[in-house]
Amino acid sequence: MNISEIGQIISKEKIYINEPMSKYTSFKIGGPAEYLIKVQTIKELKNILKFAKEKNIKLTVIGNGSNLLVSDEGIKGIVAKIEINTLEIDTENARVNVGSGVKLGLLAQKCLKRGIAGFEFASGIPGTIGGAIRMNAGAHGKEMKDVVQSIEYIDRDGEIHKITNEQAKFEYRNSIFSYNDYIITNVEIQLEKGNMDKIKNKMEEYAEYRKEKQPIEYPSAGSTFKRGTDFITAKLIDECGLKGYQIGGAQISEKHAGFIINKDNATSEDVKKLIEYTKKEVYNKFGKIIEEEIQII
Ligand SMILES: Cc1cc2nc3c(=O)[nH]c(=O)nc-3n(C[C@H](O)[C@H](O)[C@H](O)COP(=O)(O)OP(=O)(O)OC[C@H]3O[C@@H](n4cnc5c(N)ncnc54)[C@H](O)[C@@H]3O)c2cc1C
């Protein structure tokens, strides 16, 4: 594959060659993507899917890269960074129709300005709508499952489908998109009319909570591990005495044991070693298996 071939299906200024993934991940870690393409429309996405299928090229989809650990070797083939940024808000009915590339924080701000309540929980999650659906992202007792009406996605053959909330089979940090290659393009969200001051206060309170509890001053991918069914993972890690434990440039945050942070130019290998070490320590001390929440590419 070369640039002139891809250039036939998408305009060249949207294609980046050997682009460091550290620029596109909140961890600020990751080797180069062979080809990174910023995808703004469904038509572009369809063209890329067709091209990748015909040429048998691996296609990796990312949103805002806030839940990703990309390997130091980088990513072969095409990385499609979804930037479908359409947004329609029906203020009267508190209904939102949103492209999968829109950031959660931006949507929360737009809802606030229109006095629409119910999306405050997502205001501090640094992902896109697509990534949040895939992960069933949540915070402060609410998750995407609670607000989503329907989801539109494209399969790898370029066919568009629309499914309901129930069909998305949302679970804790999982959805059908965790097990399929589908690419989310658009989402309908039902919220409710609310009071602007109350919405604003809630968002400020949540932001304050994050600032106080989470190491947002360092690059990370949020909680490294999933919550356990009958235990709080961060608490077990803390009780293993691992806060501040460091391998290479990666460290278990001193502020929140559930976060691995990029303390000092960490490599992907450093983080992986620290993940394995943490899992082993927790298992040895408590007999519990902990599972990554972050997606490793
Ligand atoms: C400081 C910090 C705090 C965080 N706090 C929270 C929190 O409170 N709650 C929470 O749930 N998460 C949290 N996260 C994790 C992360 O922000 C969420 O998981 C977010 O939803 C990921 O969205 P993204 O667009 O960045 O996805 P990415 O990280 O780019 O991708 C995540 C996964 O989704 C897939 N994906 C992305 N876009 C699409 C698409 N359009 N179609 C299909 N698949 C797609 C990717 O292939 C990948 O498998 C936090 C992260 C950080 C760095």
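Which of the 33 residues around the ligand come nearest? I noted V61, G63, S66, T128 and G138. The model is a predicted one, and I read the distances below as computed values.

I found an oxygen atom of the ligand 2.7 Å from a polar backbone atom of G63. A nitrogen atom of the ligand lies 3.5 Å from a polar backbone atom of G131. On its own the ligand has 970 Å² of accessible area, and the protein covers 92% of that.

I then sorted the shell by element. Two or more residues each come from β3 (59–62), α4 (129–135), β9 (138–139), β13 (183–190) and β15. The largest share is that of α4, with five residues. By class, I have 14 nonpolar, 16 polar and three charged residues in the shell.

What is the order of its four strands? I read β15-β18-β17-β16, an open sheet with antiparallel pairing. β15 (220–223) and β16 (246–247) are the edge strands, each pairing on one side only. I checked β16 against β17 (residues 250–252): the two pair in the antiparallel sense over two bridges. Q246 stands opposite Q251 in β17.

Last, I looked up what lies across these strands. Helix α7 (residues 268–286) lies across β16, β17 and β18 (259–262), and α7 runs at about 30 degrees to β17.

Note on methods
Residues are numbered from 1 along each chain as its sequence is written. This is a predicted model: local features need pLDDT of at least 70, side-chain atom pairs count only at pLDDT 80 or more; totals for chains, interfaces and linings use all residues. Side-chain values use heavy atoms; hydrogens and water are left out. Two strands pair if DSSP finds at least two bridges between them. Contact means heavy atoms within 4.5 Å. Axes are lines fitted to C-alpha atoms, for helices over the stretch in contact, and angles run from 0 to 180 degrees between N-to-C directions. A residue is near a molecule or strand if one of its heavy atoms lies within 4 Å of it. A polar contact is a pair of N or O atoms within 3.5 Å; within protein, one must be able to donate a hydrogen and the other to accept it, and residues adjacent in sequence count only if both atoms are side-chain atoms. Accessible areas come from the Shrake-Rupley method with a 1.4 Å probe; for residues, only the protein chains shown count as cover. Ala, Val, Leu, Ile, Met, Phe, Trp, Tyr, Cys and Pro count as nonpolar, Asp, Glu, Lys and Arg as charged, and the others, Gly among them, as polar.
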